[in-house]
Amino acid sequence: MNINILYFARIKESVNYSSENIDLPKDVVTVTALKNYLALRGENWANLFNGKQVVRAAINHALVDDMATISAGDEVAFFPPVTGG
Amino acid sequence: MTVRIQTEDFDLGQELISMRLSGNDRGNIGALVSFVGLVREFTDNSLNDGDSINTLTLEHYPEMTEKALTAIELEAKERWVIIDSLIIHRVGTLQPLDQIVLVAVTSAHRGEAFKACEFIMDYLKTSAPFWKKEATSQGERWVEAKLSDDVAKERWK
């Protein structure tokens with residue numbers, strides 16, 4: 001399925017771009033699976049998505065946990081813990 | 001209920017006057033509680049304790065920010081009897097002493113407004129998609145999330 005991924009703050013700087021459109025393999029249907037999939041892209045990605053750093057996720061502009069299911073056409077965002085206010 | 005995300009500063013006095021005097025329920029307002037968050041001149045992080053800040057830049061997730069803040073206001077309105085609420089949050093590059101955020105709540109009596117205002121700030125701190133980056137003489141760095149903010153949110157559960 002095809003989804004859009006957005007990256008923010010420290011994560012955006014680390015992967016060096018802010019968004020991408022991606023076709024996912026059939027078995028990648030949760031946030032956890034997507035993180036694991038992205039972690040295969042290389043050392044930089046592995047460091048971000050191997051679970052050692054806290055990376056929060058939102059699907060279609062709502063915060064979700066790692067068990068959340070991804071559907072075709074979703075906008076998935078990855079970002080560090082928020083620090084506003 | 002109002003949410004505004006903006007780069008420009010806000011006039012605190014004007015905003016509070018407007019909270020007092022606008023709306024059909026204004027005759028029932030007995031309390032107006034507000035909180036203003038400011039840019040500190042000195043960092044308080046253990047990484048570079050005491051460095052002075054040249055600028056603080058706020059990034060956000062535009063499509064999500066307003067939804068997240070509106071959801072927090074709705075939650076506050078469900079928990080307490082409040083008349084109105086306002087959140088203004090600035091983004092972009094700010095200087096020390098600048099205003100970052102305003103939360104204002106009106107209610108008939110002070111207790112509800114105090115609680116709702118604090119609740120909104122605690123939730124904003126932990127669930128609204130903003131990220132701060134400090135520029136100091138030592139370079140730039142992203143501000144780390146604080147455990148104490150998570151603890152502050154937990155007490156409302």
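Tutor: Chain B of this predicted model has four helices and eight strands. In sequence order they follow the pattern β-α-β-β-α-β-β-β-α-β-β-α.

Student: What makes a residue of chain B count as buried, and what percentage of the 157 residues is buried?

Tutor: A buried residue has 20 or more other C-beta atoms within 10 Å of its own. Buried residues make up 31% of chain B. As for contacts in chain B between residues at least 6 apart in sequence, 74% join residues at least 24 apart.

Student: Why is N60(A) called partly exposed?

Tutor: N60(A) has 15 C-beta neighbours inside 10 Å. Exposed needs 12 or fewer and buried needs 20 or more, so N60(A) counts as partly exposed. N60(A) is in the loop between β3 (56–59) and β4 of chain A. N60(A) is not a glycine, yet has a positive phi of about 50 degrees.

Student: How do you know that β3(B) pairs with β7(B) and with β5(B)?

Tutor: Pairing requires at least two bridges between the strands. Seven bridges join β3 (residues 53–60) of chain B to β7 (residues 130–136) of chain B, and three join β3(B) to β5 (residues 92–94) of chain B, so each counts as a pair. The strands run antiparallel in the β3(B)–β7(B) pair and also in the β3(B)–β5(B) pair. I53(B) stands opposite T136(B) in β7(B), and the bridge partner of L58(B) in β5(B) is G92(B).

Student: What makes β2 and β4 of chain A edge strands?

Tutor: The open sheet of five strands in chain A has the order β2-β1-β5-β3-β4, with mixed pairing. β2 (19–23) and β4 (62–64) of chain A each pair on one side only. The twist averages 30 degrees from one strand to the next. Five bridges join β1 (residues 2–7) of chain A to β2(A), and these strands run antiparallel. In that pair, I3(A) has I22(A) as its bridge partner.

Student: How do α2(B) and α3(B) cross, and which classes of residue make their contact?

Tutor: The axes of α2 (residues 62–79) and α3 (residues 110–127) of chain B come within 10 Å and cross at roughly 150 degrees. The crossing is right-handed. The contact residues include I72(B) of α2(B) and F119(B) of α3(B). By class, the contact has nine nonpolar, one polar and two charged residues.

Student: How many residues of chain A and chain B are in contact?

Tutor: 14 residues of chain A are in contact with 22 residues of chain B. On the chain A side, α1 (9–15) and β5 (75–79) are the elements that give two or more residues. That side has nine nonpolar, four polar and one charged residues.

Methods. Residues are numbered from 1 along each chain as its sequence is written. Chains are lettered from A and ligands numbered from 1 in the order in which they are written. This is a predicted model: local features need pLDDT of at least 70, side-chain atom pairs count only at pLDDT 80 or more; totals for chains, interfaces and linings use all residues. Two residues are in contact if their C-beta atoms, placed from the backbone, lie within 7 Å. Ala, Val, Leu, Ile, Met, Phe, Trp, Tyr, Cys and Pro count as nonpolar, Asp, Glu, Lys and Arg as charged, and the others, Gly among them, as polar. Axes are lines fitted to C-alpha atoms, for helices over the stretch in contact, and angles run from 0 to 180 degrees between N-to-C directions. A crossing is left-handed if the near helix is turned anticlockwise from the far one by less than a right angle, and right-handed if clockwise.
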